[in-house]
Amino acid sequence: MNDMGEPERVTAIEPTGDPADVPGARDLVLALADDELCIGQNLGWWIAVGPFLEEDLALTSISQDELGHARALYGLLGDDIDAMAYGREPYEYLCAHITELPCHDWAETLVRHFLYDTAESVRWGALADSSWESLGAVARRALAEERSHLRHATGLLDRLLRTDAGIAHLLPLFDQLAPMACGLFDAPSGCSDEALVAAGVMACELGNQRAQWQDIVGEALAPAGYQPQWAVADPEAAPLGGRAGRRSPHFAALHAEMVEVLSIDPSARW
Amino acid sequence: MSRAVPAAVVAAVRRSVSQVCDPEYPEVTIAELGILERVSSTDGGSTVRIELVPTMLGCPALDVIARDATDAARAACAGADISIEVAFVDSPVWTPDRIAPSAVDFLAREYSVAVRRRSANASCPICGGTALEHRSDFGPTPCRSVEWCPQCRNPVEVVGRVEFPAATGAAQSSPAAMGAAQSSPVPA
């Protein structure tokens with residue numbers, strides 16, 4: 001109450017509050033952690049079966065990095081990281097569907113890797129100066145590690161797109177995966193990215209980040225005379241909504257694999 | 001009410017934790033590798049806090065290092081009623097420059113592993129050649145890349161895959177800069 005006896009006007013955002021308490025901030029971090037967890041788990045599949053030894057090492061090293069990023073992000077939300085990573089119901093995960101795809105074809109893995117790591121470079125960049133200080137520190141730490149991921153993805157893509165076989169094989173995969181990758185920039189339900197930007201949690205809104213990412217991808221593919229179609233061709237055939245808790249058909253098997261050790265020995269740790 | 005941790009106990013914990021060795025290089029301590037950041041008394045003086053800096057966020061040895069540091073701290077307290085807290089901190093960021101010169105020499109001599117620091121060129125641990133050529137960002141552990149020595153024609157493992165920020169906590173604030181980084185040449 002103010003001195004006129006009237007209720008104080010409530011402002012949308014309390015500027016002096018903890019940025020982590022801005023509505024949607026924790027859900028956004030959870031969504032990014034879930035993305036990293038699923039990507040890390042899926043890339044780990046390539047251990048010992050990569051098309052050549054160096055690629056085997058690269059994909060599984062990147063897998064380890066992404067799992068480390070998941071762990072750091074979950075760590076911002078609570079102490080029991082295993083419970084967050086493995087112990088939730090499927091509808092409580094907020095990962096984008098592209099991260100759940102198995103991609104057991106190497107070309108598919110490369111295209112997804114390129115789309116995902118370019119997206120990550122944009123979103124870590126938008127979080128590097130976050131008013132949520134520990135989130136900013138994780139983002140800066142992760143950005144330093146991401147550069148080698150980007151160099152790996154773009155180096156292979158550049159070389160392969162200079163060949164007819166590479167163009168014939170890879171470009172149709174962009175048609176298939178680019179629209180799905182847009183889901184990486186969807187906001188979790190109830191998360192207002194305007195509020196997050198206003199509170200300084202993120203430097204710019206998710207739509208803005210998506211546009212920056214699409215420019216980076218478009219620029220990389222322009223030499224091949226190709227521009228990705230970003231819109232989902234048939235929304236009925238590929239309903240998205242990973243951020244809203246809807247899981248793709250691939251999630252169940254992925255999750256079962258993740259919790260396999262834990263279900264044998266519940267006291268096992270990361 | 002808890003009593004303050006005596007400075008002598010903090011010093012004893014610091015000495016003990018400084019002797020903890022890295023699981024990957026069992027003769028090299030976490031102090032020499034720059035993983036041990038700080039040992040201090042916190043929480044109104046009732047807790048000894050040990051701050052560690054992860055080499056990589058996904059390093060699988062982090063849990064082992066934290067456990068060994070906790071054990072070493074407990075041993076130094078010798079049953080005194082003191083809380084031990086071990087934490088990995090995100091800042092400062094670890095870089096190969098944090099490795100002590102003595103450990104750089106030891107890693108070269110005993111493990112044939114080179115270290116890439118800003119302060120000095122990485123040199124081949126086999127022949128001493130300094131014209132190492134980058135081969136792959138990804139080696140046998142997340143923190144090691146693979147280079148090639150044209151002088152003795154051997155592949156060389158180099159600690160330091162990641163281009164670390166120039167200054168501790170320096171923000172990569174421009175997302176567009178990451179896009180630009182894609183086309184930059186691979187640093188030697």
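Modeller: In this predicted model, strand E2 of chain B, residues 47–52, runs parallel to E3(B), and six bridges join the two. One such pairing can be followed at the level of residues: B:Val48 has B:Ile84 as its bridge partner in E3(B). Helix H2 of chain B, residues 62–77, packs on the sheet and touches both E2 and E3 of chain B. The direction of H2(B) makes about 155° with that of E3(B).

The pair belongs to an open sheet of three strands in chain B, ordered E1-E2-E3, in which the pairing is mixed. Strand E1 (36–42) and strand E3 (83–88) of chain B have a single partner strand each, so they stand at the edges and one side of each is left without a neighbour in the sheet. On average, neighbouring strands of this sheet are turned by 20° against each other, direction ignored. A further helix of chain B, H1 (residues 7–18), lies across E1 and E2 of chain B and runs at about 155° to E1(B).

The peptide bond from B:Ser91 to B:Pro92 is cis, its omega being near 5°. B:Pro92 is located in the loop that lies between E3 and helix H3 (101–111) of chain B. The loop between H3 and E4 of chain B holds B:Ser112. This serine is not a glycine, yet the phi of B:Ser112 is positive, near 55°. With a relative accessible area of 35%, B:Ser112 is partly exposed.

E4(B) and strand E7 of chain B, residues 154–159, run parallel and are joined by three bridges. Within that pair, B:Val113 stands opposite B:Glu157 of E7(B).

H1(A) packs against helix H9 of chain A (residues 251–258) at an angle of about 80°, and their axes are 11 Å apart. H1(A) is therefore roughly perpendicular to H9(A). On the side of H1(A), the contact involves A:Leu37, A:Cys38, A:Gln41 and A:Asn42, which meet A:Phe251, A:Leu254, A:Glu257 and A:Met258 in H9(A). The residues of this contact divide into five nonpolar, two polar and one charged.

Chain A also has a residue other than glycine with a positive phi: A:Ala48, where the value is near 75°. A:Ala48 is placed in the loop between helix H1 (25–43) and helix H2 (53–75) of chain A. Its relative accessibility is 65%, so A:Ala48 counts as exposed.

To return to the part requested, E2(B) and E3(B) are a parallel pair joined by six bridges, and H2(B) touches both strands.

Terms used
Residues are numbered from 1 along each chain as its sequence is written. Chains are lettered from A and ligands numbered from 1 in the order in which they are written. This is a predicted model: local features need pLDDT of at least 70, side-chain atom pairs count only at pLDDT 80 or more; totals for chains, interfaces and linings use all residues. Side-chain values use heavy atoms; hydrogens and water are left out. Two strands pair if DSSP finds at least two bridges between them. Helices (H or I, at least four residues) and strands (E, at least two) are DSSP runs, numbered from the N terminus. Axes are lines fitted to C-alpha atoms, for helices over the stretch in contact, and angles run from 0 to 180 degrees between N-to-C directions. Contact means heavy atoms within 4.5 Å. Buried means under 20% relative accessible area, exposed over 50%, partly exposed in between (1.4 Å probe, protein chains only). Angles under 35 degrees count as roughly parallel, over 145 as roughly antiparallel, 65 to 115 as roughly perpendicular and the rest as oblique. Ala, Val, Leu, Ile, Met, Phe, Trp, Tyr, Cys and Pro count as nonpolar, Asp, Glu, Lys and Arg as charged, and the others, Gly among them, as polar.
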